[in-house]
Amino acid sequence: MVPARLPVAPRPFRDELLSSWVARVAARYGAEPLELMVYLAGQGGRYAGARQVDDVAPDMGLLMLWAKACRIDPERLRRRSLASRYPAQPRDWCLTETVPVCLACFDADVAAGRDAYLRGHWRLTEHVVCPVHRTMLLDRCPACRGHLRLSLRMLNGLLRPFCRKCDAVLTGGGGETEDLLIVDFAAGVLDLQRQISRIVRGDVGCLDRLERGIRTLWAPLDRGGAARPVLALWYDEPGWNCPYEARAAVGRPAPLQHLTVRWRALTLVILHDLFGADLVPGAVLPEAALVLFQRAAPLPWLSEGRGTRAGKGQRGIDARAERFHRLSKRPVHRFNGNFLDERGDFGRIHP
């Protein structure tokens, strides 16, 4: 079958996600990306069952299908992938599910008379603040407060983002940026975000230590039935349990992947409080960090190699840092809050 060609297709923006461009093309024809892809591939085509274009490392055959249909150079599309834009970015430092957004960026699109679109850096795990507008990214709908899943639809001649759950148009003006505390918090986190980005794409050993620190914070406590992460020890409230929205991060090898924007931002702030400007654990841990790290349960991937990873290759475990992840031999009282539905006051452990 001769591949279908679309009469009109928008060009991708310079900093646009591939999945965003595909969604804009489909929205121009009143379709979802999967529906249009099935049409382009033909009935029973090779890619008829594919869900979406991978923003990180897309299949070139799938890109060729879209490139031919939209009369665009496939190499131009390939350069829009995150693997091409950020070759030093590890795969597990790219979000794979919900893409947080900046409402001010969407408003800027409308003001410039162009379609709204998703920016590529919104998929980077360490990005929690918009570097342009210095506001926190959102992963919940400001109208219905549900987990954000957006669709692009025509409104006044331009594609605008809508919440799939409540059909509210995603725009600024909700009042969040008027709160000076939130503005100051976002500005502080933006500096941490930039530093984390340099670590993630820089020295491999420094990144290893950064990941160890994050994994330990979100590792379960040192008893088999623990219902809380080590991060629970950071809070003053007795019996603090892991919030439901962050529960999937506990004990995971790449916990930031499974955290909401606010919990990722808080993780960066705690790293700064524990380890100072370096944001990574060194050869000697501060006292507060040592208390936390000693209460972490042993995790299999802390004693075994991580294996290969795109753009980084094989990276061994730093034996010098390994001792910080061993369990404390101190006995743990059964009423210290280490088990589900039990409470305990650990007191304030950070300055």
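Entry 1: I began with α7 and α9, whose axes come within 10 Å and cross at roughly 75°; the axes are lines fitted to C-alpha atoms, for helices over the stretch in contact, with angles running from 0 to 180 degrees between N-to-C directions. The two helices are therefore roughly perpendicular to each other, a label that covers 65 to 115 degrees. I then listed the residues that meet there, and found F185, V189, L192, Q193 and I196 in α7 against A265, L268, V269 and H272 in α9, where contact means heavy atoms within 4.5 Å. By class, I noted seven nonpolar, two polar and no charged residues, with Ala, Val, Leu, Ile, Met, Phe, Trp, Tyr, Cys and Pro counted as nonpolar, Asp, Glu, Lys and Arg as charged, and the others, Gly among them, as polar.

**Entry 2: what I am looking at.** This is a predicted model, in which local features need pLDDT of at least 70 and side-chain atom pairs count only at pLDDT 80 or more, while totals for chains, interfaces and linings use all residues. Residues are numbered from 1 along each chain as its sequence is written, and side-chain values use heavy atoms, with hydrogens and water left out.

**Entry 3: the whole protein.** I counted eleven helices and two strands, taken as DSSP runs numbered from the N terminus (H or I, at least four residues, for helices; E, at least two, for strands). From the N terminus, the order is α-α-α-α-α-α-β-β-α-α-α-α-α. Of the 351 residues, 50% are buried, that is, under 20% relative accessible area with a 1.4 Å probe, protein chains only.

**Entry 4: the cores.** The largest nonpolar core holds 71 residues, and those with the most contacts inside it are F106, W122, L210, W218 and L274; such a core is a set of buried Ala, Val, Leu, Ile, Met, Phe, Trp, Tyr and Cys residues joined through side-chain atoms within 4.5 Å. Its largest share, eight residues, comes from α9. A second, separate core of 21 residues includes L6, L18, L40 and I72.

**Entry 5: another crossing.** P33, L36, M37, L40 and A41 of α2 make the contact with L62, L65, W66 and A69 of α3, and the residues divide into nine nonpolar, no polar and no charged.

Technical notes. Angles under 35 degrees count as roughly parallel, over 145 as roughly antiparallel, 65 to 115 as roughly perpendicular and the rest as oblique.
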